[in-house]
Amino acid sequence: MSQLRLKLLEQHRTSLEKCVYCPKLSRAACPVSNVEANETVTPWGKMSMAYFAARGDVPLDAPHADPAWACSACYACRERCDHKNEVATVLTDARAELFARGLEPEGARRVAARFRAREDGRAGERDGRAQPDPAAVHVLVGCGYERHAPDVARDALEATEALTGAPVRPVRACCGLPLLYAGDRPGFEAAARRLAAEVEAGERFVAVDPGCARAVRVEYARAGVSVKSPELFVDLAQASLDRLQRSTSERRVRYHDPCQLGRGLDRYDAPREILARITGRPPEEFIHRREHADCSGGGGLVPATRPASSAAIADGRIAEHRALGGGLLVTHCAQSLRRFRTRGEPAEDLASLVARAVAPR
Ligand code: SF4
Ligand code: SF4
């Protein structure tokens, strides 16, 4: 047998072999292969390529590395798989090994470089900052909201302050998820340690963006970084339903399950209960919902590495929303929100609806 090329095989052999010898039962679930119509980017194809690369059966070069980045980390294949195979996790680990060899696609390299440049700028700010108020609630809003939807970032902070009844302090550090998806594992681990140190003091820590929340709750442990586990914004709002006032101005609302909140953190009822409380009726649904909801195309760095595929995935969701009768499209994830808005659908985030509805204590 050829010499082992990637450590991936030691850690993930069972998952990889399940896919390689499988009749591809999860094929129809994958948003990327559905829009690219290419067997190589089905869950089976991506896992097979990672397996062959790990065994040394194919050259370790950029074309053979590329499929590892053709995943939006949506976990939809896991729900269709009899083995509940964690394809996204295996591909995330494959990215790390390939990135370390300089085999990442240009889009991933760009994201990692931009992240590092931003962090260098923030380091000076951190050094000069006053000691935080220990009574304040640390709120990890998420860089996706801060940079691309500052309206939602403000709403999320105001709503958290109203729901907790305590002053809030936005967390300055980024959770590092873009680096994890790019494949820059040392960079991700450094970001994780920075964030863990920042939230260490203080009683409460709340995460708004479910991608950040899952990264801190799940991926930090995989990286060996211990951190205070964040409360979820949706859980806070769900626990205070009686403080959410019925809005007379909200239109017919359709809820899109973000992959990171639904399959990533198992939150399906909370956002629906919140919307029902605010609008006075259960939200409209997509054809596929909850565990089987379709991805928006915003995750896993796919917008940077495969922009046309990402846009086509988002367009599919928007077309379905409109074909089902339209209304206000509501989601709760910075990446999904950005995908919908940049593709022409004036979507809103659940955090904004909560901010408008929550009554002061
Ligand atoms: S994820 Fe499951 S169903 Fe899909 S190819 Fe792998 S083993 Fe088969
Ligand atoms: S996690 Fe989602 S995008 Fe990745 S292989 Fe599975 S279905 Fe495809």
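Residues are numbered from 1 along each chain as written, and chains are lettered from A and ligands numbered from 1 in written order. In this predicted model local features need pLDDT of at least 70, side-chain atom pairs count only at pLDDT 80 or more, totals for chains, interfaces and linings use all residues, and side-chain values use heavy atoms, without hydrogens and water.

**Exercise 1.** Determine which residues surround ligand 2 and which elements supply them.

*Solution.* Taking residues with a heavy atom within 4 Å, one finds C30, P31, P43, K46, C71, S72, C74, Y75, C77, V87 and A88 around ligand 2. Two or more of these come from each of α3 (43-55) and α6 (87-100), helices being DSSP runs of H or I with at least four residues, numbered from the N terminus. Next, sorting by class gives nine nonpolar, one polar and one charged residues, where Ala, Val, Leu, Ile, Met, Phe, Trp, Tyr, Cys and Pro are nonpolar, Asp, Glu, Lys and Arg charged, and the others, Gly among them, polar.

**Exercise 2.** Describe the lining of the second largest pocket by element, class and domain.

*Solution.* α6 contributes the most, three residues, and the classes are four nonpolar, one polar and seven charged. Finally, domain 1 (8-104) and domain 2 (107-237) each provide at least three residues, with bounds from an automatic or database domain assignment.
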